[in-house]
Structures are given as structure tokens and as C-alpha cells.
Amino acid sequence: MAHNDTPTLKNWLSLLLLIFLWGTSFMFTAVSLESFSPLAIVSLRVLIAAIILTLFMYAKGWRLPVEPLAWGVFLLLGLAGNLLPFFLISTGQKDISSGITGLLMAFMPLATMILAHYFVSGESLNRFKIFGFLLGITGVAIVLWPSLVGVHSNLLSGLLILLATFSYAINAILVRRLPSYNPVVTAAGMTIVSSIAVVPLWLWQDLPWQQSYSLKATLSMLWLGVGPTAYGTIILFSVIATAGPTFLSYINYVIPVVAYFTGALLLGEVIEWHSLAAMLLIILGIALTRKRVAD
């Protein structure tokens, strides 16, 4: 499908909705962790999304492929794009605020840029990308510095969040290198294989029927599966198809801001000057990497 040279009002509204869905997902994860384990959050997110995306796919007249190669692709993408990052983020957020998590996740496009240099043709590093990466990593260091010098260190949790950014980056590279299928079919296949892999482990490990869950945490957990995971995926592919990936990249500048301030405003998380400085450095780093080098 051809991309619009000038994004439409619908494109902008879809982008804003996607920013809201993904920017607030860290806040809803923090609330869900009040009653649910990280393994439960991962399992329910992919299970709910698998049901919704599969129904949406069949309603559109699309079908799941039957060849083993396709399901091998779905397995790899589900691992790198769902299971691993969802678990790392949920585990890291047990000791790190939703706002700080959002700031650290902003490192993802920079991690993708580094991996693309080695694994994607035509994506070589240049002086702007290198300097942008250095700005971004400086911002990350500022975020993590209190963990290094504080009495109660949460450095490991911060590193888990950073590992999640690299998992998403690996997923982005795999999407470009592996055989491609209809995007919604791919998303449905990813969440289906992810559910098959993790839900039995969750049922065996947590015995969820024996647990008690607060209404607030349950509603947050349901929303994570319906909103950011399922509906967000549908919006994502719609925006890419109609406005292109460059237009979509604008979310990288805004999501960390939304994540940081929703955590502060709605969960009472502390706003700290060094975190604001780190946010600015990471966003400036992302912006600098997009500057073109003259031939």
C-alpha cells in the first residue's frame, strides 16, 4: 500500500492513540504487579492479545499459514517481541518506577540502530548516529547512577529493562531479515505461539485459581492485553501501512515523556531533575541519529 506524503488527520489521531496506549502501559504494569506475578502478566497479555488478534484476523478474511517455516518465524518473533521483553519489563518494574522504565525503554531505537549497522544492509553508522548513541547512553547512565551510589540498589532491575530494549531491537532486525507475512497474521501467530509456550508454565507455577486479585490490578491486567498489546498492534500496522514507518518513528520522542509524567501524576512517582535531564539527552540522541549525512 502506498504511503501518504502528507499524513491525514486520521493518521495523527491514530499516532496519538498509540502513544497513549504504549506510553501508559508501564503505569498499568505497575498497578498489575500489585496482584500479579511477572509470569502472569506475560501470560495474560499474550493470551488476551492472541484471542483478539485472531478474531480480528478472521473477521478481515485472513487466515493463518500452515507451512512450518511461518510458525518458526512466529516463534522467533514471539520470543524476541513478546515473551522476553514483557517478562524483563515486568520483573524490572518490581523495583523501578513506571516513569523510569519508560525512560529506559526509550533506548530501544538506539539499540536497534547499533544492531542494524551489523545485520541490515544500508544501515551503516555515521558520525551523527554515533554521537546520538553516546548522548542516549549518557542519559541511561544518568538514570542508573543513583542505583550505583544508593544504599538500596536497583541496578539489576534497570539492566533488565535495558535488556528488554535490546530484545525489541533484535525483534526489529528479525522482522527485516526473516520471511514476511501479512502483519496482522504475523502478530496473531506471534501471540498464539507465545501463549502456547508460556501459559502452561504460568498455570503450573502460579496456580492462579488459588490466588486472590484486587479489582484494580485485574482491570489493569485486562487492559494491558486488550489495549497496548492487541489494539496497539492493530493501530501500529494501520499507521505503517497508510503513513509509513518514518511517520511512526515520531512516537519515540513522546512515549518516554508520557510514561514519565503519567507515573508521576497518577501513581505519585517522584519527579527528579536528573531523570528529566536524562529524558532530554535520550530524546536528543534519537533526533540526532536521524540527521542525514551529505554525500
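This is a predicted model: local features need pLDDT of at least 70, side-chain atom pairs count only at pLDDT 80 or more; totals for chains, interfaces and linings use all residues.
Local features are reported only at pLDDT of at least 70 and side-chain atom pairs only at pLDDT 80 or more, whereas totals for chains, interfaces and linings use all residues. Residues are numbered from 1 along each chain as its sequence is written, and side-chain values use heavy atoms, with hydrogens and water left out.

A nonpolar patch on the surface is formed by Phe261, Leu265, Leu266, Leu267, Ile271 and Leu276, which together have about 560 Å² of accessible area. Accessible areas were computed by the Shrake-Rupley method with a 1.4 Å probe, and for residues only the protein chains shown count as cover. Patches are made of residues with over 30% relative accessible area and no salt bridge; like charges are joined within 9 Å, and nonpolar side chains (Val, Leu, Ile, Met, Phe, Trp, Tyr) within 5 Å. A salt bridge is a side-chain nitrogen of Lys or Arg within 4 Å of a carboxyl oxygen of Asp or Glu. Helix H12 (residues 251-267) gives the most to the nonpolar patch, with four residues. Helices (H or I, at least four residues) are DSSP runs, numbered from the N terminus. Leu266 belongs to helix H12 and counts as exposed, at 60% relative accessibility. Residues are classed as buried under 20% relative accessible area, exposed over 50% and partly exposed in between (1.4 Å probe, protein chains only).

Ala278, in helix H13 (residues 273-289), counts as buried because its relative accessibility is 0%. Leaving aside residues up to four places away in sequence, Ala278 touches Gly139, Ile142 and Val143 (contact means heavy atoms within 4.5 Å). Between Ala278 and Phe247 the C-alpha to C-alpha distance is 24 Å, with a separation of 31 residues in sequence.

Rings of Phe, Tyr and Trp (its six-membered ring) pair if their centres lie within 6.5 Å; planes under 30 degrees apart count as stacked, over 60 as edge-to-face and the rest as tilted. The count by this rule is 10 aromatic pairs. Phe107 and Phe166 form a tilted pair, 6.0 Å centre to centre with 55 degrees between the planes. Phe107 lies in the loop between helix H5 (98-105) and helix H6 (108-119) and Phe166 in helix H8 (residues 155-177), so the pair ties together parts that are 59 residues apart in sequence. Phe107 is buried, at 2% relative accessible area, whereas Phe166 is partly exposed, at 34%. Ring pairs also link Trp12, Phe247 and Tyr250 into a cluster.

Definitions and conventions. Helices (H or I, at least four residues) and strands (E, at least two) are DSSP runs, numbered from the N terminus.
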